[in-house]
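Please open the structure in your viewer and keep the selection panel at hand. The stops below proceed from the surface to charged side-chain pairs.

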Amino acid sequence: MSTFTLTTNMSPAGDQPQAISKLVSNLKNNIKKQTLLGVTGSGKTFTIANVVEQTQLPTLIISHNKTLAGQLYQEFKELFPNNKVSYFVSYYDYYQPEAYMPASDTYIAKEVQINDLIDKLRLEATSNLFSGSDNIVIASVSCIYNIGDPREFGSTTLDIKIGDNWTRRNLFEKLVSLFYTRSELEFKRSNFRVRGEVVEIWPSYADWMIVLEFDEANNLKKITERNPFSGHEFELQSYRLFPAKQYVGAGSADSKEIYEKIKSDCREQVEVFKSQGKMLEAHRLEQRVSYDLEMLNELGFVNGIENYSLYFEKDRKVGDPPYTLVDYFHHLWGDNFLTVIDESHVTIPQIGGMYFGDVARKKTLVDFGFRLSASYDNRPLKWNEFYARIPQAIYVSATPSQFEIDESKNHVIEQIIRPTGLVDPPITIKPTLKQIPDLIAEIQKRVDKHERTLVVTITKKMSEELAQYLGKTFKVAYLHSDIETLERSKILDQLRNGDYDVLVGINLLREGIDLPEVSLVAILDAGQQGFLRSRSALIQIMGRASRHVDGQVILYSDVVSPAMTMAIDEVNRRRTIQQKYNIDNNITPVGINKSIRPQIIENPQISNLPPDPLIDIDITSLTPNMRKNHISKLKKEMRTAASDLDFEIAIRIRDKIIEIEKL
């Protein structure tokens, strides 16, 4: 059996050894819930990696967005190069859910564009889980959505070994039942093709193709794993081929019985509508379900098939929770796996809110005859359902909420000492009178030393106006919610490189922002009550200055709010502990020197074409024929952006196409 092996030149330092020891001991003593309260820059990821190696538990790590999940995926791939580290996030470049707005009688059909690379990585994740216990899956909250029964996925496989006898018909029928498609011209993932006595299969979840060579008696004489680009190959004695998609229920042999059940439920719901005098809704539902069943019968698939998932899943009844990625862990290892919830103070509320938004949207569709009530059962997990499925969990956050602390009882493990000896920055409170001249003077001190500054405002308008004003003296950029994620990353990299002296923002300068060059964080309106100036938010923002040896925080406020008091007390508490540790151990703090790493999740075969000029063209100046040509160009750019994981750019182009089509 494969084992987790941590591969690194680093050794646990600072608070990491005691945190690792306590976390591991608690897990071995069957402590179900723990919290790792790790300050910014204390190496929480490395601590969790050591816990995984020492416990040897299959691990699911959940992050609250794709960007942070991608960072974690990169880090764990580097720490565990010889183990299975997978990436499982939503595979949509953009996603417009099906919806109906009664007020304007507007029906919006589901519109999606699936990212081929992320689809491969998701399939790789579920396939890896069936290939050994040395699995770490980095997931976003999409892991609480329905992906089908893991028992069906695990049993729907093709096991082949040297010496097997296969007729061509039997082999092809088996491949088709696993949702592979024969293609002699374009050969890509999820396809197979024939070359004389050779059958080539490209697994949906792999970068390598499988080549099967048969003798004249149809006996399998050779299995080769080959890279389709480089030509490198390895001979195998056997191979297990997993399905080409995760949801395999639609291939059920009981399809006739399933279709009859759908028709029966449709008739019942139609009669209910008629009894209420809703003739339009009754007719609409009847037409919709009839069309869907015809498509299912002829093609085995229909747009919106997920709304019928309940009928295809064995042993699942109305109201039962869906099968999710978490169920794969349960199916394979029972309760003997670990769940890590990263930035838990943000991720947990996000998980808890997913169900309610989904139900609200579908209720309108069901009430107006667009969907059967069974569509409710294609849903994310409710919080209590998710919670019941994570037997052993570690909540990770610099600012855990009261929920995590209460759940962990006495098992809140603090990781306050940084391996570098850096301490939390000192905090100064200054009045708002003449705050801008004072801020300019403080920024100038940092510019003179080639250091960077973050200025945190409370509104978008303020951030824009302040950035414009400071731009007269310094090189300034600003961030707010209208700036796409990838553009934000570019701006942050430019700040680190010295292209900017100052970054002005709102609440985007918090979780997951790693800026070692920043030595000053200035927070305007620090005493305002609310989410953006809560205890947790203030601690997270102030933490951005904790990676620099001369880090400092300035709070501009005429009042000291309760949130300010609690945040300052907590930072000072940590600072006192850190300074004492450094004195006792004769440690001199050193700054972090961290290179800017390129993203590991990218498709190197596709160039990144800048779509902005096409987007910026004045469409009202174009003739109808010119608009058609422009739409064709935009669609090409959209596909390029989607393939290159430029999610926000793909959405912007899609919206521009819709805008032009309306004209």
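**Stop 1: a nonpolar surface patch**

Select Y95, V112 and I114, which make a nonpolar surface patch of about 240 Å². The model in view is a predicted one.

**Stop 2**

How many salt bridges does a search of the whole structure find? The search returns 35. Three of these pairs are visited in turn.

Select E98 and R371, whose side chains form a salt bridge with an N to O distance of 3.0 Å. E98 is in the loop between strand 4 (92-96) and strand 5 (99-101), while R371 is in the loop between helix 11 (344-367) and helix 12 (383-388); the pair therefore ties together parts that are 273 residues apart in sequence. Are these two side chains in buried or exposed residues? E98 is buried, its relative accessible area being 6%. R371 is buried as well, with a value of 5%.

**Stop 3: a loop and a helix**

Next, select E197 and R168, where a salt bridge joins the side chains at 3.8 Å, N to O. Which elements does this pair connect? E197 sits in the loop between strand 11 (191-195) and strand 12 (198-202), and R168 in helix 6 (residues 168-177), so the contact ties together parts that are 29 residues apart in sequence. Colouring by accessibility shows E197 as partly exposed, with a relative accessible area of 42%. R168 is also partly exposed, at 25%.

**Stop 4: a pair within one helix**

Now select helix 14 (residues 435-448) and display the side chains of E442 and K445. The side chains of E442 and K445 meet in a salt bridge with an N to O distance of 3.6 Å. Because E442 and K445 are three residues apart in this helix, about one helical turn separates them. E442 has a relative accessibility of 7% and counts as buried, whereas K445 is partly exposed, with a relative accessible area of 47%.

Notes:
Residues are numbered from 1 along each chain as its sequence is written. This is a predicted model: local features need pLDDT of at least 70, side-chain atom pairs count only at pLDDT 80 or more; totals for chains, interfaces and linings use all residues. Side-chain values use heavy atoms; hydrogens and water are left out. Patches are made of residues with over 30% relative accessible area and no salt bridge: like charges are joined within 9 Å, nonpolar side chains (Val, Leu, Ile, Met, Phe, Trp, Tyr) within 5 Å. Accessible areas come from the Shrake-Rupley method with a 1.4 Å probe; for residues, only the protein chains shown count as cover. A salt bridge is a side-chain nitrogen of Lys or Arg within 4 Å of a carboxyl oxygen of Asp or Glu. Helices (H or I, at least four residues) and strands (E, at least two) are DSSP runs, numbered from the N terminus. Buried means under 20% relative accessible area, exposed over 50%, partly exposed in between (1.4 Å probe, protein chains only).
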